[in-house]
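Dear colleague,

Here is the structure I said I would pass on. My notes on a few of its residues follow below.

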Amino acid sequence: MLRLQVSAGNVANAFTEGPLPGAANASGYPGAYVPLRVNQVDTAGGGTGATVGTVTPSYIATYDPGAPFADDKGMVASPNVDLTSEAIEQIMARYSFAANAAVVRVDAQVTATLLDTVV
């Protein structure tokens with residue numbers, strides 16, 4: 001679920017721009033969206049956990065001279081979001097969820113069968 005939420009947020013904000021850090025006219029304008037990434041880590045007792053971190057670099061300089069916060073060269077900060085990678089993340093989240101649901105369903109069936117044989 002977390003993987004899907006993070007990816008959806010990245011896609012929704014993929015085209016938000018902001019001033020480049022240190023731009024002369026950056027004050028008063030919000031910065032560009034900082035994309036997030038889900039990192040899967042091993043836990044001490046076994047298993048895995050998920051943490052959310054930022055994508056590095058978080059922005060790429062793009063040319064948009066019409067933006068009110070563009071620097072003197074017409075450059076602005078755009079989020080470093082790769083829509084192809086985000087689509088793959090969402091597909092992987094879907095299959096991971098389906099696989100986890102199948103494990104829970106099989107566990108319930110095995111438990112029911114075990115209880116039927118004991119009784």
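Glutamate 86 is found in helix H2, residues 83-118 (helices are DSSP runs of H or I with at least four residues, strands runs of E with at least two, both numbered from the N terminus). This is a predicted model, in which local features need pLDDT of at least 70 and side-chain atom pairs pLDDT 80 or more, while totals for chains, interfaces and linings use all residues. Residues are numbered from 1 along each chain as its sequence is written, and side-chain values use heavy atoms, without hydrogens and water.

Glutamate 86 is buried and has no salt bridge; arginine 37, the nearest side chain of opposite charge, is 7.9 Å away. Buried means under 20% relative accessible area, exposed over 50% and partly exposed in between, with a 1.4 Å probe and protein chains only. Lys and Arg count as positive, Asp and Glu as negative, and His and the chain ends are not counted. A salt bridge needs a side-chain nitrogen of Lys or Arg within 4 Å of a carboxyl oxygen of Asp or Glu.

The whole structure has one salt bridge. Arginine 3 forms a salt bridge with glutamate 89, with the closest N and O atoms 3.1 Å apart. This pair links distant parts of the chain, 86 residues apart: arginine 3 lies in helix H1 and glutamate 89 in helix H2. Glutamate 89 counts as partly exposed because its relative accessible area is 25%.

Alanine 24 is in the loop between helix H1 (2-12) and strand S1 (36-42). Alanine 24 has 82% relative accessibility, so it counts as exposed.

Regards
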